[in-house]
Amino acid sequence: MTDSNAPRRDIDHVASGLAACLPALHRALDRQVTARFPHPKPPESQIALLRFVAQREGATVREAAEALLMKPNNVSALVSQLTEQGDLERRRDSADKRVAHLHLTATARERLSEVRELETAFIRHALTSLTEGQQGALGSALDALDALTRHLHPGAH
């Protein structure tokens, strides 16, 4: 006789493990990047907005708010901060002057690239300490993690 609750327990185990592991992984990576980043590191919300604009150059505040699951007024405040810091540009829509399109400055694009390079280097180094089997398992899990992200955050990717 098989235990019909086994698949449910397996899913619960994976869900619980991911819920615990992913934030810890993110915090550890963030701390390492912050320690090595040669510039003041912006808060995570600003980085998230900059990354979104890098992927969707010309997006509006509303589009950014929807994709980042934030309130438009909060994104608007972030845009004001980042514009003041010289990281973002607002360009008025030629057809509707009430709409602004967001664009990264060259400095922001360069710094985002530096952050991504640091993140990749830290993860690459950590991966070398794992067995080939563990490395393969993580590589195989990338598609599943991407699909999980889309289910939890339909605006992602």
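**Note on the predicted model**

1. Helix α2 has twelve residues and spans 16 Å from first C-alpha to last, close to the 16 Å expected at 1.5 Å a residue. The expected span is 1.5 Å times one less than the number of residues. Helices here are DSSP runs (H or I, at least four residues), strands likewise (E, at least two), numbered from the N terminus.

2. Some ground rules. This is a predicted model: local features need pLDDT of at least 70, side-chain atom pairs count only at pLDDT 80 or more, and totals for chains, interfaces and linings use all residues. Residues are numbered from 1 along each chain as its sequence is written, and side-chain values use heavy atoms, with hydrogens and water left out.

3. Which residues of α2 are buried? They are Gln 46, Ile 47, Leu 49, Leu 50, Phe 52 and Val 53. Buried means under 20% relative accessible area, exposed over 50%, and partly exposed in between (1.4 Å probe, protein chains only). The buried residues of α2 pack against α3 (61–68), α4 (72–84), β1 (88–92), β2 (100–104) and α5.

4. The structure holds nine salt bridges. The criterion is a side-chain nitrogen of Lys or Arg within 4 Å of a carboxyl oxygen of Asp or Glu. One of them joins Arg 8 to Asp 12, with the closest N and O atoms 3.5 Å apart. Both residues sit in helix α1 (residues 6–36), four residues apart, about one turn of the helix. An α-helix has 3.6 residues a turn, so residues three or four places apart point the same way. Arg 8 is exposed at 56% relative accessible area. Asp 12 is partly exposed at 36%.

5. Lys 41 and Asp 30 form another salt bridge, 2.4 Å from N to O. This pair links distant parts of the chain: Lys 41 is in the loop between α1 and α2 (44–55), Asp 30 is in helix α1, and eleven residues separate them. Lys 41 is partly exposed at 22% relative accessibility. Asp 30 is partly exposed too, at 25%.

6. In helix α5, Glu 119 and Arg 116 lie three residues apart, about one turn of the helix. Their side chains meet in a salt bridge (3.1 Å, N to O). Is Glu 119 buried or exposed? Glu 119 is buried, with a relative accessible area of 12%. Arg 116 is partly exposed at 44%. Arg 51 joins Arg 116 and Glu 119 in a network of salt bridges.

7. Ile 123 also belongs to helix α5 (residues 106–127). Ile 123 is partly exposed, at 40% relative accessible area. With Leu 127 and Leu 138, Ile 123 makes a nonpolar surface patch of about 230 Å². Patch residues have over 30% relative accessible area and no salt bridge; like charges are joined within 9 Å, nonpolar side chains (Val, Leu, Ile, Met, Phe, Trp, Tyr) within 5 Å.

8. His 153 is in the segment after α6 (132–152). A polar atom of the His 153 side chain lies 2.5 Å from the backbone oxygen of Ala 67. Neighbours within four places in sequence aside, His 153 is in contact (heavy atoms within 4.5 Å) with Glu 66, Ala 67, Leu 68 and Leu 69.

9. Asp 146 is in helix α6. Asp 146 is partly exposed, at 25% relative accessibility. Between Asp 146 and Gln 46 there are 22 Å in space, C-alpha to C-alpha, and they are 100 residues apart in sequence.

Note on methods:
Areas by Shrake-Rupley, 256 points an atom, 1.4 Å probe, with all protein chains shown as cover. Polar contact = N/O pair within 3.5 Å; in protein donor to acceptor, adjacent residues only side chain to side chain.
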